[in-house]
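Welcome! Here is a short tour for someone meeting this structure for the first time. Please have a look at it, and then read on.

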Amino acid sequence: MKKIHKLVIKSFIGPLIVTFFISMLVLLMQFLWKYVDDLVGKGLELTVLFKFLYYTSLTLVPLALPITVLLASLMTLGNMGERYELVAIKAAGISLQKLMRPLFVFTMGIALVAFLFSNNVYPYAFLKYRTLLHDIQMKKPALNISEGEYYKRIDGYVIRFDKKERDGQTIHGIQIYDHTENIGNVRLTTAKSGLMQATDDGKWLQFTLFDGYSYAEDVKEWQNRHTRPFSRAKFGEQVIKFDLSSFEMGETDESLFKNHEKGKRLSDLQSTIDTLTMQYADRTQDITKAILSRYHFYQTFYDDSLNVENINISNLSADPLNEHSSNAATSQVNSTLTDVQYYSMDLQNREKFLKDYEIEWHRKFTYPFACLLLFLVGAPLGAIIRRGGLGMPVVMAVLIFIAYFAASIIGEKSVLTTSLLSWRGMWMSSFIFLPIGLFLLIKATSDAAFLDADVWKRKLKITK
């Protein structure tokens with residue numbers, strides 16, 4: 001390998017590593033912002049939280065790699081242009097294409113790694129992440145009862161107390177409403193003071209109440225509300241325990257999400273797509289036969305029961321038999337329309353389910369190809385703008401990636417909402433940005449300065 005090639009690759013690897021971790025951090029923060037309500041206030045253990053962040057980070061790698069390559073290529077060629085290294089290299093007879101060739105080969109290696117990661121690691125990480133997220137969402141917020149609050153997170157009970165001592169256990173002015181029978185406020189326990197303590201295993205919350213009363217109405221008696229039995233019992237000390245098992249972190253079986261398209265490898269996706277395609281075709285054929293058979297039945301029935309030549313048009317509406325036939329025909333038509341609507345919804349659901357798998361199949365390739373595509377855009381653009389560092393390259397990279405990502409989203413939504421073929425929608429962004437990358441490469445090769453800020457400043461000064 002030529003020394004110039006080693007120099008370019010070394011210049012590329014540094015920004016690549018830095019921008020990868022920056023991209024991962026930004027994407028992870030955006031994810032946490034989305035699910036912050038599900039994570040905060042539930043008393044999650046650090047091991048659970050770190051495990052969740054680890055698997056979440058793995059699922060973000062395929063999305064982070066394209067923007068990493070884009071930003072690193074912009075910075076590398078921009079730095080070389082800013083330090084006039086590109087000028088010296090071109091003066092030595094090395095064209096921009098030859099200079100970019102080792103970087104392109106290196107990016108092809110990144111794209112291959114991205115594909116292998118998406119096909120092997122991503123499905124495993126997605127199942128782990130999705131299962132943990134489900135467990136976290138199902139977990140109740142951590143037990144934290146404040147003074148004067150009607151606490152309703154323990155199933156079947158509402159708890160309130162007026163004051164809590166500094167020890168966090170001694171409480172005063174206690175009210176406990178029992179709603180376990182779902183018949184309203186008919187059972188109430190009050191106490192002047194008490195102790196609120198969790199058991200050592202954390203599975204029970206124990207209230208030791210002092211100097212209080214227990215009230216109960218017998219609503220099972222068929223009596224007037226004002227005359228039905230009512231009881232009141234005074235106690236000096238009473239212990240009430242509440243089950244806290246619903247506050248614990250459950251462990252959902254990963255098989256719950258095994259049919260999700262994101263949790264499947266490429267071979268499994270292809271097998272599922274083939275199966276769904278056959279089922280969709282069979283279902284379409286069965287529906288067509290059902291509708292045609294009903295049509296032929298109605299046609300035969302009414303042709304046999306009515307003699308059109310002998311019908312008197314003036315007496316048609318007054319004839320009870322004809323009126324009965326008309327009502328029967330209307331009823332049959334309405335029934336057929338209802339069946340057609342059901343069949344249409346069934347086919348739409350099946351088609352959407354099939355498209356979800358087709359979209360994920362193409363995504364296994366579009367993200368790795370995006371690494372090559374965005375390198376083809378970023379490297380020439382860096383040579384043109386001739387600005388390094390994290391200033392102008394970051395701004396340009398963010399704008400380009402937003403445009404690419406928006407085009408990808410539009411293509412994916414078009415597949416789901418229209419009759420657009422899956423491959424056309426998923427590769428729409430590539431079809432748009434490939435000509436842009438080739439155009440920038442041509443301009444960079446010919447030393448075009450249409451994006452050079454200094455050139456535009458000089459032109460503006462001349463104009464003024």
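## L77 and its neighbours

Leaving aside residues up to four places away in sequence, L77 touches L86, L96, L99, L103, A379, G382 and A383. Touching here is a contact, that is, heavy atoms within 4.5 Å. The model is a predicted one, in which local features need pLDDT of at least 70 and side-chain atom pairs count only at pLDDT 80 or more, while totals for chains, interfaces and linings use all residues. Residue numbers start from 1 along each chain as its sequence is written, and side-chain values use heavy atoms, with hydrogens and water left out.

Buried means under 20% relative accessible area, exposed over 50%, and partly exposed in between (1.4 Å probe, protein chains only). In soluble globular proteins, nonpolar side chains tend to be buried together.

## The chain as a whole

The protein chain has 11 helices and 5 strands; these are DSSP runs numbered from the N terminus, helices being H or I with at least four residues and strands E with at least two. Of its 464 residues, 38% count as buried. Among contacts in the protein chain with a separation of 6 or more, 69% are between residues 24 or more positions apart. Its accessible surface comes to about 27500 Å², and 60% of that belongs to carbon and sulfur atoms.

## Pocket and cavity

What is the volume of the largest pocket? The space in the largest pocket is about 1200 Å³. It is lined by 41 residues, and those closest to its centre are L63, Y122, K262, Y367 and F405. α1, α3, α5, α7 and α8 each give two or more residues to this lining. By class, the lining has 22 nonpolar, 8 polar and 11 charged residues.

The structure holds 1 cavity of 30 Å³ or more. D178, H179, T180, E181, N182, I183, G184, V186 and R187 line the largest cavity, and they divide into 2 nonpolar, 4 polar and 3 charged. On a 1 Å grid over the protein atoms alone, a cavity is a set of points where a 1.4 Å probe fits but cannot get out, whereas a pocket is an open set with protein on both sides within 12 Å along at least five of seven lines; lining residues have an atom within 4 Å of a point.

D211 is found in strand β4 (residues 204–217). D211 has a positive phi of about 55 degrees although it is not a glycine. D211 counts as partly exposed because its relative accessibility is 30%.

Q97 lies in helix α5, and its C-alpha atom is separated by 8.3 Å from that of L441, 344 residues apart along the chain. S408, found in helix α8, counts as buried at 18% relative accessibility.

Conventions: Accessible areas come from the Shrake-Rupley method with a 1.4 Å probe; for residues, only the protein chains shown count as cover. Grid points are joined across faces, edges and corners, and a volume is the space filled by probe spheres set on the points. Ala, Val, Leu, Ile, Met, Phe, Trp, Tyr, Cys and Pro count as nonpolar, Asp, Glu, Lys and Arg as charged, and the others, Gly among them, as polar.
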